[in-house]
Amino acid sequence: MNRPGYIQKKTILRLIDLAIQEDIGEGDHSTLASVPANAQKEAILVMKADGVIAGVELAGWIFHRIDPQLQVEAHAQDGDQVKSGDIVMKVSGAARSILQAERLVLNCMQRMSGIATKTRHLVSLIEGTSAQLLDTRKTTPNFRLFEKWAVYIGGGQNHRMGLYDMMMLKDNHIDYAGGIRQALLAADAYRKQLGKPIQIEIETRNLEEVKEVLATGIADIIMLDNMSPADMREAVKLINGRMKVEASGNINEQTIRSVAECGVDYISVGALTHSYQSLDISLKAVK
């Protein structure tokens with residue numbers, strides 16, 4: 001599976017190095033004490049749950065960052081549907097290196113697979129509509145790239161990566177700016193001064209606020225926050241294609257279909273990256 005453009009190996013390796021330092025520190029004393037330095041062994045990564053696998057390519061990078069001599073053989077690819085008992089990877093080489101990489105590989109793959117599985121499920125629930133599923137910035141600090149990569153693997157779309165690649169004017173911005181009109185005018189002036197075509201999205205909480213945004217004609221995307229399906233349908237009619245429409249706020253698997261059928265372009269779900277269940281994967285030594 002092709003990886004998204006923001007996944008640059010050089011950047012990911014820096015994050016891997018930080019994670020290795022966090023985990024191994026001055027040395028893996030358990031392994032150094034019990035496993036002979038010259039021991040050459042094999043291990044397999046086994047699924048203990050059904051779902052969508054993610055982090056396969058990343059796991060290879062981690063193993064090779066620990067020890068370039070390790071041999072990694074993937075039996076599944078990112079995005080594959082897997083079942084409990086499936087062997088998704090085999091690694092062979094220095095036993096000490098395998099053990100040092102074990103926890104970091106599993107931590108990443110289990111979390112990424114949980115996110116990819118949840119994403120794939122929600123995407124399936126809105127199939128046939130025009131809505132696209134988006135993630136949010138509700139991610140784990142220093143793990144955002146991996147979590148957004150997992151959303152991508154699961155079939156979702158990535159929203160902005162951070163505060164730097166899009167303007168999103170939410171309720172607190174609007175309150176501090178003095179209102180919707182003031183916030184939009186200031187944002188538009190700012191991007192013109194900056195000389196960059198930064199998109200502006202603004203949050204609305206009712207139909208009157210939607211009308212206020214439309215009167216300015218400035219926003220690229222209008223977010224409908226915690227609105228009822230009836231109000232969302234009316235908002236979509238009011239907007240009438242002049243701006244993209246995103247639905248947000250406590251959307252779950254029971255409500256996402258009805259939201260999609262309101263005609264919105266995007267549905268953002270923070271739970272993709274903050275309320276998922278990790279997929280259980282185990283590394284087993286081959287004796």
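## A covered strand and a packed helix

Strand E5 (residues 87-94) is mostly covered, with 6 of its 8 residues buried (under 20% relative accessible area with a 1.4 Å probe, protein chains only). Strands here are DSSP runs of E with at least two residues, and helices are runs of H or I with at least four, numbered from the N terminus. This is a predicted model, so to speak of local features takes pLDDT of at least 70 and side-chain atom pairs count only at pLDDT 80 or more, while totals for chains, interfaces and linings use all residues. Residues are numbered from 1 along each chain, and side-chain values use heavy atoms, leaving out hydrogens and water.

E5 pairs (at least two DSSP bridges) with strand E1 (residues 40-47) in the antiparallel sense over 7 bridges; Ile44 has Lys90 of E5 as its bridge partner. Strand E3 (residues 71-74) also runs antiparallel to E5, joined by 4 bridges, and here Ala74 stands opposite Met89.

Now over to helix H9 (residues 229-239), whose buried residues are Met232, Ala235, Val236 and Ile239. They sit on the same side of H9, because they cover an arc of only 100° around the axis, taken from the directions from the helix axis to the C-beta atoms. These buried residues pack against helix H8 (207-216), strand E9 (221-225), strand E10 (244-248) and helix H10 (256-260), with contact meaning heavy atoms within 4.5 Å.

Take H8: Leu207, Val210, Lys211 and Leu214 are its residues that meet H9, among whose partners are Ala235 and Ile239. After H9 comes Asn240, with a positive phi near 55°.

Methods:
Buried < 20%, exposed > 50% of the residue type's maximum accessible area, 1.4 Å probe, protein only.
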